[in-house]
Amino acid sequence: AKTVRIWDNVPTAAASGALSSRLTTVLPINWNRFEGLKEILLSFVSRFFRQDARQIAENRMVLQLLLLLKELLAAGFYRSAEVAQILPNLLSLLDGRQDVVDDSADDTRSARYEARRTVSLDTLVIMECKITLLEVLTTLCEVRLDLRLSQLLARYRIEWDAGDWAAEPEQITSLRTSSVR
């Protein structure tokens, strides 16, 4: 979902230097409404530096919390300091080298990447968690790009207001004729 940039908020967004999409709305929003939920999310996800395919319920809970994290990030309910706090946990969870994906001691490389779902084992949920983690990281990159765009637009606006971007009449004419060709 793309957001519309509010021109009056561009300088504020650029000056904040924080990863936040809070400045894309003029609606009165209680930004602290999900603080308790964010604390639960952080404490639960921080316990999982690896995943075990035998812990089906826990892996499903991690998946749901990651989906929630993605939505809270996209809606602007996380600030850069909070993201910095949870990011190491997300990266260690994404690193699947320590994941347990089989009941047996024989953990061959080819068997490691097979999708398996039984009563006592579910590797598909682990795979879904990894995909969701990548989507969360993509959202973080999009918010970071949005911040950089705000900084660029703020600079442009300062220069525009100062008259640095005033076009000469002959430049406007040459632009119009070149666009017709």
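Trainee: What share of the residues of the protein chain count as buried?

Mentor: Keep in mind that this is a predicted model. The protein chain has 181 residues, and 33% of them count as buried.

Trainee: And how many helices and strands are there?

Mentor: The protein chain has 7 helices and 0 strands.

Trainee: What about the contacts, how many join residues at least 24 apart?

Mentor: Taking contacts between residues at least 6 apart in sequence, 71% join residues at least 24 apart.

Trainee: Let's pick a helix. Which residues of α3 are buried?

Mentor: Ile-56, Asn-59, Val-62, Leu-63, Leu-65, Leu-66, Leu-69, Leu-72 and Leu-73. The cover over these buried residues includes α2, α4 and α6.

Trainee: How far apart are the end C-alpha atoms of α3?

Mentor: They are 29 Å apart. Helix α3 has 20 residues, residues 56–75, so at 1.5 Å a residue it should span 28 Å, and the two values agree.

Trainee: What follows α3?

Mentor: Gly-76, and its phi is positive, near 90°.

Trainee: You mentioned α2. Which of its residues are buried?

Mentor: In α2 the buried ones are Lys-38, Leu-41, Phe-44 and Val-45. They fall within an arc of 135° seen down the axis of α2, so they line one face of the helix.

Trainee: What do they pack against?

Mentor: The buried residues of α2 pack against α3 and α4.

Trainee: Which residues are linked with them in a network?

Mentor: The network of salt bridges links Glu-35, Lys-38 and Glu-82.

Trainee: How many salt bridges does the structure hold?

Mentor: It holds 7. One of them joins Arg-54 and Asp-52, with 2.8 Å between the closest N and O atoms. Asp-52 counts as buried at 9% relative accessibility, while Arg-54 counts as partly exposed at 41%.

Trainee: Which salt bridge links distant parts of the chain?

Mentor: One that does is between the side chains of Lys-130 and Asp-99, at 2.9 Å from N to O. Lys-130 is in helix α6 and Asp-99 is in the loop between α4 and α5, 31 residues apart.

Trainee: Are those two buried or exposed?

Mentor: Both Lys-130 and Asp-99 are buried.

Trainee: Switching to the surface, which residues make a nonpolar patch?

Mentor: Tyr-156, Trp-160 and Trp-165 make a nonpolar surface patch of about 350 Å².

Trainee: Where does Trp-160 lie?

Mentor: In helix α6. Trp-160 has 47% relative accessibility, so it counts as partly exposed.

Notes: Residues numbered from 1 in each chain as written. Predicted model: local features only at pLDDT ≥ 70, side-chain atom pairs only at ≥ 80, totals over all residues. Heavy atoms only, no water. Helix = DSSP H or I, 4+ residues; strand = E, 2+ residues; numbered from the N terminus. Buried < 20%, exposed > 50% of the residue type's maximum accessible area, 1.4 Å probe, protein only. Contact = heavy atoms within 4.5 Å. Expected span 1.5 Å × (residues − 1). Arc of directions from axis to C-beta. Patch = residues over 30% accessible without salt bridge, like charges linked within 9 Å, V, L, I, M, F, W, Y side chains within 5 Å. Areas by Shrake-Rupley, 256 points an atom, 1.4 Å probe, with all protein chains shown as cover. Salt bridge = Lys/Arg side-chain N within 4 Å of Asp/Glu carboxyl O.
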